[in-house]
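Me: I would like to learn how to read the main features of a model, moving from helix and sheet to whole chain and contact. Could you take me through one example step by step?

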Amino acid sequence: MNLSWQNIRAVYTREINNYFNTPIGYVFLLIFSLFINFLFLYLPNFWDVNSASMENFFSWMRIVYLFLIPAITMRLWSEEKKSGTLEVLFTLPLQTAETILAKYLSALSFLGFALSSTIFIPISLGTISSPDWMLIFGGYLGLILLGAAYIALGLFISWLTQDQIIAFLVSLAAFFVFFIMGYPPFLQFMGFLSPLAAFASASWHFDSLARGMLDTRDIMYFISFTGLFLYLNYYSIENKK
Amino acid sequence: MIQVENLSKSFQNVTAVKNINFHIQKGEIVGLLGPNGAGKTTTMRMLTGFYKPTSGKITIGGYSVETDRLEVQKKIGYLPENSALYTDMLVCDYLLFIASAFKLTGDVFQKNLDYAVSATGIEKYFYRPISQLSKGYKQRVGIAATLIHDPSLLILDEPTSGLDPNQIIEIQKLIMSLAKDKTIILSTHILNEIENTCQRAIIISEGQIVLDEPLKNINALKKGGFKFHILLAGRITDAVEVLKKELGMEDIQLVSLDDGDTKLQLTAANHIGEQIYQCAARHGWPLKELFAEKESLESIFQSLTSAGGGK
């Protein structure tokens, strides 16, 4: 399968513009930015700890992602299905994989915009103290990989319905499952299956990265997770035709 | 230009298109006609590569849709039903997006864009949001998008659906103007549209082709054909046989023997009302009603697409 970057760019440009064609995209980013920065400053324990740390911030971001990513991915396929533009898209001389990748990359870019609005937090920390930059780098890498994985899953879920709200709610539920599986009380409840649940949990792998441990197993987990759901998306589209 | 052989499409337990065959020559304007749910859109979606056929083969311009989908799609300009457009975009951005998907650049892009915009008369609306356009202009934008890569084949799914009479005439004129150098397939359930724009009609009913004729042949049928409705008082069971013998015709059907009357229907090339009357008089049949209906595309369509018709 020879993918054409020119084709991917054509759909990517349309998709990324779609986020910003209406004020909703800008308002969304503004609210996210204000909320995250507010959350950081008022996070419990932030001002109590002696060292400048973003640990709590990254921990909160896992929860913010449960809502943020479904909001980014919910419309990607469902809106095309509902409005009938899927027929326009799939009758253009584009490969299915090119279209999926373009949509995926546009959502990832939008997440990138959102995350870049938090960059003032580590900069502020750097000016007032000496934070552990490895921890911050690991945390951001974890956020990017977790976001990349969730976007692949959210994109796939968006394909399964033509209702954006359903896509949002199902994505939220699916992300919650991958989140809760790494939560200590849940792991205790799972008994002898807890290592398996922990390994399958996205938050468990994220926590590992956020602690500054750049383990290739965690990175491979997110890459495999992303690849699996992008492939499932491709397979279900081809199968539906 | 287009060869369709033994084409079928099933969705779970429903067969939408059943083993259809047709060939379309370069430059033809063909109308796909049929009631709602007949299989017109499914057929068009298979031609464009949107659906994969369950069985059968489609070749367009020498390329198989199944194995060379992208090559086929480069040759096709497709207007989906209800002119689905990205309403969040400006007209210019939408056309630019379609052009970029066809990898159009430089002079070719500018030339094609100018042609598509002027042919469809959307110059004034070029920088407008699509969401603010009337249905007629949205349809024009949809058609402009089908023209942007200068395709040799246009496939238009119900291009005038939902438009007011003036808009319908405008879109039909536009289609006629495009027909000079393109092969066009359009689907509709509006019979006038076929008569106004097409050279050939393919009538589809329940997923099967029930008529595939040049319009001039259908017109000849309309000019010469009459359908007679005969109502005789009493149950005259041998009326069909007697009429067949005395009029020397085969196309006579007994419609019903209900309510103590005999209802018959026959189709003839000429007006034979007098012969029918004389035959009834000779046999002493009380003739309650006799009227002739001139065959029209509507009546042909009705007889072919009503349940069991034309099979």
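This is a predicted model: local features need pLDDT of at least 70, side-chain atom pairs count only at pLDDT 80 or more; totals for chains, interfaces and linings use all residues.

Me: Which order do the strands of the open sheet in chain B follow?

Reply: Strands of a sheet pair through backbone hydrogen bonds, in either the parallel or the antiparallel sense. In chain B, six strands form an open sheet in the order β6-β7-β8-β3-β9-β10, and the pairing is mixed. Its edge strands are β6 and β10 (208-214) of chain B, each of which pairs on one side only, while the twist from one strand to the next averages 15 degrees.

Me: In which sense do β3 and β8 of chain B pair, parallel or antiparallel?

Reply: Strand β3 (residues 29-33) of chain B pairs with strand β8 (residues 183-188) of chain B in the parallel sense, over five bridges, and within this pair Val30(B) stands opposite Ile185(B). Strand β7 (residues 153-157) of chain B is likewise joined in the parallel sense to β6(B), over four bridges, with Ile76(B) opposite Leu153(B).

Me: Which residues of strand β6 in chain B point one way, and which the other?

Reply: In a regular strand, side chains alternate between the two faces of the sheet. Along β6 (residues 76-79) of chain B, Ile76(B) and Tyr78(B) point one way, whereas Gly77(B) and Leu79(B) point the other way, and all of them are buried.

Me: How many helices and strands does chain A have?

Reply: Chain A has 13 helices and zero strands. For its overall form, one can compare the radius of gyration with that of a compact globule: for 241 residues the rule gives a value near 18 Å, and chain A, at 19 Å, agrees with it. Its C-alpha atoms fill a box of roughly 60 × 45 × 35 Å along the principal axes, and 39% of its 241 residues count as buried. Of the contacts in chain A between residues at least 6 apart in sequence, 79% join residues at least 24 apart.

Notes
Residues are numbered from 1 along each chain as its sequence is written. Chains are lettered from A and ligands numbered from 1 in the order in which they are written. A residue is buried if 20 or more other C-beta atoms lie within 10 Å of its own, exposed if 12 or fewer, and partly exposed in between; C-beta atoms are placed from the backbone. Helices (H or I, at least four residues) and strands (E, at least two) are DSSP runs, numbered from the N terminus. Two strands pair if DSSP finds at least two bridges between them. The radius of gyration is taken over C-alpha atoms; the globule rule is 2.2 Å times the number of residues to the power 0.38. Two residues are in contact if their C-beta atoms, placed from the backbone, lie within 7 Å. Axes are lines fitted to C-alpha atoms, for helices over the stretch in contact, and angles run from 0 to 180 degrees between N-to-C directions.
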